[in-house]
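Subject: Structure handover

Hello,

Here is the structure I said I would pass on. My notes follow below it.

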2 protein chains.
Amino acid sequence: MPAGRLTLPIETGIDEQILQVLARFKADAVRNSDGTELPALVSELATKVYSTYFPARGDQEWALGHPDSFVHQYLMSAPRTSLAEGPLEIDPMAGYFPHQFVADIDCDVTKYWQVIDRTTGETVAPSAWHVTRDLGEAKKLGVPKANLVDTADQGKYPAPAHISETRPPSVPLVPVRVIIENTQVGHEYTVNVLAKQIWDSTQMYNYVTNDWYKDPARHKELPYDAWRPEVWQHMQEGLDLWLAEHPEVDVVRFTTFFYHFTIAYDYAGREKFVEWFGYSASVSIEALQAFAAQYGYELTPEDFVDQGFYNNPFRSPSRRFLDWIDFLSAFVASRAKVLVDKAHAAGKEAMMFLGDNWIGTEPYGPHFADIGMDAVVGSVGSAATCRMISDIPGVRYTEGRFLPYFFPDVFCDEGDPVGEANESWRAARRAIMRSPLDRIGYGGYLSLALKYPRFMDRMEEIVAEFRGIHAASAGKRPVNSPVRVSILNAWGALRSWQTHMVSHAQYYRLTHPWIGVLEALAGLPFDVRFVSFDQILSDESVLEETDVLINVGAADTAFSGGSVWENPQLLTLLRAWVAGGGGFIGVGEPSAHKVHKPGASTHFFQMADVLGVDKELGQGLSSRRPQTALGNHYVLDGSEKAPGGKTRLELDQTAEDAKNVFAINEATQVLALNETGIRAAVNSYGKGHGVYLAGLPYSETNACVLYRAILWAAGFQARAAGAEDPLWYADDPRVEVAVYTGENGVKLCAYNNTEHDVTCTLHGSSQVEEIRLRGLEARWFDLHNP
Amino acid sequence: MPAGRLTLPIETGIDEQILQVLARFKADAVRNSDGTELPALVSELATKVYSTYFPARGDQEWALGHPDSFVHQYLMSAPRTSLAEGPLEIDPMAGYFPHQFVADIDCDVTKYWQVIDRTTGETVAPSAWHVTRDLGEAKKLGVPKANLVDTADQGKYPAPAHISETRPPSVPLVPVRVIIENTQVGHEYTVNVLAKQIWDSTQMYNYVTNDWYKDPARHKELPYDAWRPEVWQHMQEGLDLWLAEHPEVDVVRFTTFFYHFTIAYDYAGREKFVEWFGYSASVSIEALQAFAAQYGYELTPEDFVDQGFYNNPFRSPSRRFLDWIDFLSAFVASRAKVLVDKAHAAGKEAMMFLGDNWIGTEPYGPHFADIGMDAVVGSVGSAATCRMISDIPGVRYTEGRFLPYFFPDVFCDEGDPVGEANESWRAARRAIMRSPLDRIGYGGYLSLALKYPRFMDRMEEIVAEFRGIHAASAGKRPVNSPVRVSILNAWGALRSWQTHMVSHAQYYRLTHPWIGVLEALAGLPFDVRFVSFDQILSDESVLEETDVLINVGAADTAFSGGSVWENPQLLTLLRAWVAGGGGFIGVGEPSAHKVHKPGASTHFFQMADVLGVDKELGQGLSSRRPQTALGNHYVLDGSEKAPGGKTRLELDQTAEDAKNVFAINEATQVLALNETGIRAAVNSYGKGHGVYLAGLPYSETNACVLYRAILWAAGFQARAAGAEDPLWYADDPRVEVAVYTGENGVKLCAYNNTEHDVTCTLHGSSQVEEIRLRGLEARWFDLHNP
């Protein structure tokens, strides 16, 4: 029985239990977490020791002594409409959490703040507004009553006392007002504010979640900005000192580097804005100046504020924002490399946590490999996020931190730790089968998990199963279908396995039907790459090396594409490629964009001619569209020789799938239809194929539908029987199959993705076998011994 | 008991029954219908005699002898993508019904046809394409195979023999092809075709519905174009002759004038495109030339084809299209006046049927009154269409043709004539109570209705109730609330009571939540007018004379407004007006438009600040929006002093109501909320009010919600109690009340809009009374005798 490949969290005060658990689980590494200390015991353990290291926070005393070094974040005020002739008063920080942000009024606000008339889009000249600390000034200046800040609102929404009471006294709360002269009645104004972060976002989350306010020894941690020379100096010296003081540590677990993803809390300390990829808190005056010097143009506050959308990944990225990503990533990589080199020089490994202060370390970006990181560890919230970690190039190994985290939000009377562990493993296993993680681990308070023995038992089984997969597969990928799949969106490779994500692996009603495509693909036997519209336009090898292209998402997002579809060259390339034999799968509102050129486009889906379908927006009701669903088709109805077998696959749907989709002509084959429109359709297009699905929330059935849709789009059904996909598959959608070839021979693993027992037949190139799998069971077969 | 005010259809061969029915129903007018002849008996009847008269069709022999006089219609070919370098062949008439249209290839196709590259929006130079009757030419010219019309498709979709077999032999079927040179691969092309109509659209409908193909005496009727001098000459002479030959006729029922609304049938004779307001078949070369001479610019085929949307009323109308409406309406009015004058000169009344060939007679337009029509008769399909007729200015009287029409689609074993009569009456009565019709009538085959004695009994009751209302109200409007309501859209007064209509009064899933607002208003006690965005911008009295403005519909339609919301002046005017005390009610996606100016607008609903809500389109998921519904509010929860009483009103909703609507800040009062978003919300804005409703499909409850929403938006709840709306109302939403004052004193009618018995209390300025009404019952009370 193999051992190792497992990291467990430990803490002070439970030495005896730690020894027992390590022996029982055969863990080969231990770690601390945010808020726990490694016990003295670690130096006696036979395992590797990971220690979290926070380069950009943690030294509170130093931070309070260097208030100029706080990390900045761009915020947009709530919009306010001028309702009377004359000036308008705005409270730019209204609605924000005063214990997270203070407005930076010491900078040159005429340059680093911005007032915009949102009714015209025009920037208001800095001479026409000013910032004041005098809350009575507007009244004195005679601002009309309708345009004054309503002081009755002040204090209406206080922050909960228990998280505000320990506010550092040296960071004063400084309410400010902006007064805009000569506003236009009926126009809406916003203020783009450069604010200072006075509480690290993750530490605040952990603090609130764990009721640390009850512990007088705890303090709130202020983040400091690596761009400042004194901070950078302190970071290096701090790490030198720490490395010297911690000989017991084998692996420096950077958590993470310098800039946190975007979180803004509201007046009551609740999440107001969260965006896992957000660069809003990566900004500083020094960085902006360096950017301008390097790129030859200046970024404005609005380049970050982006109408209040803050360049979140659903927005098609501007050239300017892509420049910032590249600029900041190069900076973070160069400085992170210095810290990593120090760890190496001290004889330790460097591991990066993919999350928290990870901004600037895009692991699929061009600068990441330069850091020289040994490993990446990340939280596994789904199959897609597992692939996001395990597919990362340029590191020696990857580790998945499994759920649940040992925090009291799950390990409590209302929680279901075993259920969460099963769900996490079910999702992760699909991904691990296709692209192995090297290690797994857990995080949080071990003492808390130990109170749940049923969870500890289940964890032991999961760990054993993980090791079994790694041993049988020898850490290699299984055999894949020859069909090469590319996901097409505005981000391309940079955001591989990261599409449609808001907060890390969280459920969002409006992304659920789209992210299911990624979740399905993460466990399907295809080579998957992520390509951008720019790549399609600039590099013809992208389409040459693609058999099936998938475009998925809501209209006018970066994922479906938005205004890129106004480019005739893109349409020319894609339509010619499909007509020549390519497969194009659209899910939701693929290629959807209202083209504003007069006379151009009769469609909303710009690839409507390929997909055979389009979406009704309410202007085409005069067209009657009689359409009926076909009785039978490979994609939904299968055949003996198809994944899922002969079963009729009923698409799992949600109310958020695309609505009002209709066939543009009678040649379109409608596969599924209800009163809200087409749910699935296929279309032949020259020698190629289009497939449309209204939505694909993840389920075992939907994953199987996607499998078949890809094979059909690739033309496997149109070719001779002999050319059919040669992979093994199960004839029940609930069971998936992976086949590994290697020195140990050919091994097949069939795994049941549900909690129900399943009897099915395995079909392959040579043998057919009927098996029965218990709920969640994985079973290995030797197909051929060398 | 009053008599008269009733028109019944009669026909040949049932003289005895006609006499009995007329005596029983006390009808004072009889009529024929399309397809029935007046019996000789009419000259002996004591009633008025209406006769249908078809100026633009009916003389088939003459039509066939003048093939240059056919009415034209602009059609767009199905779009076709070029899939290979070189020319592209298009069958411009593919998919159209060959027995309705033939392509006009005798005109100057370089001017009156148009080929457009829909991928760029550019018109292809006429020198780069040609029309050919040689179906083999494309092959001879070497058009690549992928770009040839697939001849296997030809004949795949034949027209049903029974409606095509009697095709007039003198109108040859002329298949044609368009060959476009040097197309761009991947670009989509369409051909705008000037086609000749060879079958009148309504006559085709009646022909097919009644199986007239079984009757060898029937022929198909070709329409002819009043613009042609020979046609106009023939129309005048024909009417002169007809008037002279029909002394028994008292009322010439023009059905209608010259141009039919747009209908295109598909290859199988089914409706392919239907649009009750459509001007696509009002076009002729002569008219286009006259337009250019008068307006100083030329219209193009695309001005009519409009990307295949044919300027349907959901499209925000272009200036060019509005010019055409005005131009054509002036022409139709001038010629219709000549015909009407002839009827008058012959001692007959002139009545217009509002439908069929009614294009150019917009009854709320500036030219209609010039015609000098005595009366308008129209089909009553709902309360809104009833108001559309009864509110028409400039005629002496109006008549509503009630449903069901005596046709075999309803008067058959599967039909429910009594149910349809009840539903029609329930809807019509609400409208008639607020704005009286002068007469009612029925149409179709009386002989058919006579086979359904239960229907005849119910019809007798309805007729009696109608006469009772007219007698009690003296044909006057009841007392209205002082609150003045304006519906705001792109069409304004021109399309009063005609919003969101595709085919006359037909149910459309995607308009149902919007048209309910009109349906509710048609029976509510408010003065209602329809105003356009242009009016708001050009005439300040519009807002001065409005208390509550309603904007309702789907995003980017003429009804919600679309790109007009990019105009800051519109926002300035409306926001200032609301802030000053106005009420703005938005239903569905009011003021919704993506503003494309960089930096402009943080909202999708441009009036979001007034409504307090906006709609999530998938780019704002990073914003967390905690929102909870209020426990209580006047609009949904009522009060003793509110229509509907203290009942909690549960909005009747449909799946098509607007989704993903959220509160933009905490000041918004959310009244109803479900997992798809906000269903109802209210917001205070300066001294004024905003109200948002996600949808308002018509129901008794929703009408009551709208009633209360209007009162709340008008600020009645904010004023002193004494200023509350003084109208009488019932405290059950199912019962409505109308109060008439006149020489006969003050009379109140309380009517039950459901088939259920209802007990409720009537509240008024002075008395309170509890009553019990049977299903559909209306009861009259004398409030005060003079």
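**Salt bridges within a chain**

Arg648(A) forms a salt bridge with Asp637(A), and the closest N and O atoms of the pair are 3D neighbours at 2.9 Å apart. The pair links distant parts of chain A, 11 residues apart: Asp637(A) belongs to helix H20, while Arg648(A) sits in the loop between helix H20 (634-637) and strand E25 (661-663). Arg648(A) counts as partly exposed, because its relative accessibility is 33%. Asp637(A) is buried, with a relative accessible area of 10%. Please keep in mind throughout that this is a predicted model.

A second pair in chain A is Asp547(A) with Arg484(A), whose closest N and O atoms are 2.9 Å apart in a salt bridge. Arg484(A) counts as partly exposed, at 32% relative accessibility.

In chain B, Arg779(B) forms a salt bridge with Glu777(B), the closest N and O atoms being 3.2 Å apart. Arg779(B) is partly exposed, since its relative accessible area is 27%, whereas Glu777(B) is buried at 12%. Back in chain A, salt bridges that share partners join four residues into one network: Lys48(A), Glu349(A), Asp374(A) and Arg396(A). Over all chains the count comes to 98 salt bridges.

**The interface of chains A and B**

How many residues of each chain are in contact with the other? On the side of chain A there are 69, and on the side of chain B there are 68. Between them the two chains bury about 5,700 Å², with 50% of that area on carbon and sulfur atoms. Of the area that chain A buries against chain B, 13% is supplied by Gln619(A), Ser622(A) and Arg624(A), more than by any other three residues.

Six salt bridges are found across the interface of chain A and chain B. Glu271(A) and Arg624(B) form a salt bridge, with 3.1 Å between the closest N and O atoms. The count of residue pairs in polar contact between chain A and chain B is 40. Two elements of chain A give two or more residues to the side that touches chain B, namely strand E15 (271-275) and helix H18 (568-579). H18(A) gives the most, with six residues. By class, this side of chain A has 26 nonpolar, 25 polar and 18 charged residues.

**How the two copies are related**

The same surface serves both copies, as 99% of the contact residues of chain A recur in chain B.

**A buried histidine**

His593(A) is placed in the loop between strand E23 (583-588) and helix H19 (608-611) of chain A. Is His593(A) buried or exposed? His593(A) counts as buried, because its relative accessibility of 4% is under the 20% cut-off. Leaving aside neighbours within four places in sequence, His593(A) is in contact with Asp556(A), Gly562(A), Ser563(A), Trp565(A), Glu566(A), His603(A), Phe604(A) and Gln606(A).

**Backbone points to check by eye**

There is a cis peptide bond between Thr255(A) and Thr256(A), with omega about -10 degrees. Thr256(A) lies in the loop between strand E13 (251-254) and strand E14 (262-265) of chain A. Another cis peptide bond joins Leu403(A) and Pro404(A), where omega is about 0 degrees. Pro404(A) is in the loop between strand E18 (397-401) and helix H12 (417-434) of chain A.

Lys26(A), a residue other than glycine, has a positive phi near 50 degrees. Lys26(A) is found in the loop between helix H1 (15-25) and strand E2 (29-31) of chain A, and counts as partly exposed at 42% relative accessibility. Leu776(B) likewise has a positive phi, near 65 degrees. Leu776(B) lies in the loop between strand E33 (768-773) and strand E34 (778-784) of chain B, and is buried, with a relative accessible area of 10%.

Regards

Terms used:
Residues are numbered from 1 along each chain as its sequence is written. Chains are lettered from A and ligands numbered from 1 in the order in which they are written. This is a predicted model: local features need pLDDT of at least 70, side-chain atom pairs count only at pLDDT 80 or more; totals for chains, interfaces and linings use all residues. Side-chain values use heavy atoms; hydrogens and water are left out. Contact means heavy atoms within 4.5 Å. Buried area is the accessible area (1.4 Å probe) that two parts lose on being put together, summed over both. A salt bridge is a side-chain nitrogen of Lys or Arg within 4 Å of a carboxyl oxygen of Asp or Glu. A polar contact is a pair of N or O atoms within 3.5 Å; within protein, one must be able to donate a hydrogen and the other to accept it, and residues adjacent in sequence count only if both atoms are side-chain atoms. Helices (H or I, at least four residues) and strands (E, at least two) are DSSP runs, numbered from the N terminus. Ala, Val, Leu, Ile, Met, Phe, Trp, Tyr, Cys and Pro count as nonpolar, Asp, Glu, Lys and Arg as charged, and the others, Gly among them, as polar. Buried means under 20% relative accessible area, exposed over 50%, partly exposed in between (1.4 Å probe, protein chains only).
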